[in-house]
Amino acid sequence: MAPKDQPDRDEIFDKAQALFGLPQVHNASGAFDPETCTQIRPLRDAVFMAIDIEAGGSDQSKITEVGIAMLDTRVIRRIPPGEGASGWTATILARHYITKDFIELENTKYVKGGTAGTKRGFAYGTSEVISIGKLKNWLRYDLGHPPYPNGEVKERRPIILVGHGVQNDLKFLETMKIRLESDANVVEKIDTQDLCSYRSLPASLQTMLSNLGIDTTASHNAGNDAVRTLEALVKMVFLNTYYPKMLNDALKTTLNPPITSEDLP
């Protein structure tokens with residue numbers, strides 16, 4: 001049984017696997033290849049949406065960037081996962097907002113080495129510079145109306161909200177008075193930190209990405225971090241379902257860190 005302060009990884013993986021609609025090998029028909037299958041049946045017809053929010057260094061009340069990444073389970077139903085689920089992660093859509101109110105601020109406090117931030121280094125599209133007031137409205141709309149692949153917004157969809165250390169992002173959303181159950185149809189929340197960490201030793205986003213072989217260039221850009229957080233979730237769920245040893249080997253340094261005196265009874 002997992003310690004009280006450690007979420008049950010198996011339970012989270014089982015839930016995520018069902019939400020993606022990944023079939024178990026023994027339930028699949030014919031000669032089953034997980035990398036080429038299109039037999040998925042997502043549980044809730046949901047959109048996975050990762051969010052990352054950056055604030056201005058020592059003053060965490062000043063939101064400087066927001067990144068959103070989206071993966072639509074309707075889209076991936078027609079696409080084979082590919083090696084390491086790369087076919088699915090290629091469908092991720094992303095948005096990156098920079099607040100012009102605090103455009104001069106850089107998040108140096110939590111960046112390794114205290115180097116300048118990378119808000120201009122968004123690798124998955126074009127950043128949009130908007131006021132903090134407009135950001136709240138746009139973010140509320142994005143969360144409530146995720147786009148179809150052709151960019152049109154058709155209906156209100158169930159949202160699976162994803163984050164790395166997601167409680168921090170939820171606090172920022174609360175300060176912006178964004179209500180997840182009404183402004184956005186959030187039906188589940190998944191924290192990737194719970195899937196790659198041991199007990200009270202949370203793995204950083206960069207460590208998780210590096211262990212999974214995911215690019216970490218221009219980290220702490222909110223848009224990049226959102227995309228890569230969602231990519232990490234997809235990859236971990238896929239590997240856990242079909243190649244669990246490969247996943248455990250990749251995450252062994254964060255799942256099995258050296259035991260210290262604090263861990264002893």
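# Salt bridges and a buried helix

E188 is partly exposed, with a relative accessible area of 22%. Partly exposed lies between buried (under 20% relative accessible area) and exposed (over 50%), using a 1.4 Å probe and protein chains only. The model is predicted: local features need pLDDT of at least 70 and side-chain atom pairs 80 or more, while totals for chains, interfaces and linings use all residues. Residues are numbered from 1 along each chain as its sequence is written, and side-chain values use heavy atoms, without hydrogens or water.

The protein has 265 residues, and 49% of them count as buried. Its secondary structure comes to ten helices and six strands. These are DSSP runs numbered from the N terminus: helices (H or I) have at least four residues, strands (E) at least two.

Nine salt bridges are present. Each needs a side-chain nitrogen of Lys or Arg within 4 Å of a carboxyl oxygen of Asp or Glu. E188 pairs with K15 at 3.3 Å, N to O. K15 sits in helix α1 (residues 9-20) and E188 in strand β6 (residues 186-191), so the bridge ties together parts 173 residues apart in sequence.

R74 bridges to D45, with the closest N and O atoms 2.6 Å apart. R74 is in helix α2 (residues 73-76) and D45 in the loop between α1 and β1, so this pair ties together parts 29 residues apart. R157 and D72 form another salt bridge, at 2.8 Å between the closest N and O atoms. R157 lies in the loop between α4 (132-144) and β5, and D72 in strand β2 (residues 59-72), 85 residues apart.

| Residue | Relative accessible area | State |
|---|---|---|
| K15 | 29% | partly exposed |
| R74 | 23% | partly exposed |
| D45 | 27% | partly exposed |
| R157 | 1% | buried |
| D72 | 9% | buried |

Salt bridges with shared partners join D45, D72, R74 and R157 into one network.

Strand β1 (residues 47-56) is mostly covered, with ten of its ten residues buried. It runs parallel to strand β5 (residues 159-163), joined by four bridges. Strands pair if DSSP finds at least two bridges between them. Here F48 stands opposite I160 in β5.

Helix α8 (residues 222-242) has 18 of its 21 residues buried, so the rest of the structure largely encloses it. N221 caps its N-terminal end: a side-chain oxygen lies 2.9 Å from the backbone nitrogen of G223.

S219 is in the loop between α7 (205-211) and α8. At 13% relative accessibility, S219 counts as buried. Beyond residues up to four places away in sequence, S219 touches T118, Q206, D225 and R228; such contact means heavy atoms within 4.5 Å.

Methods
A polar contact is a pair of N or O atoms within 3.5 Å; within protein, one must be able to donate a hydrogen and the other to accept it, and residues adjacent in sequence count only if both atoms are side-chain atoms.
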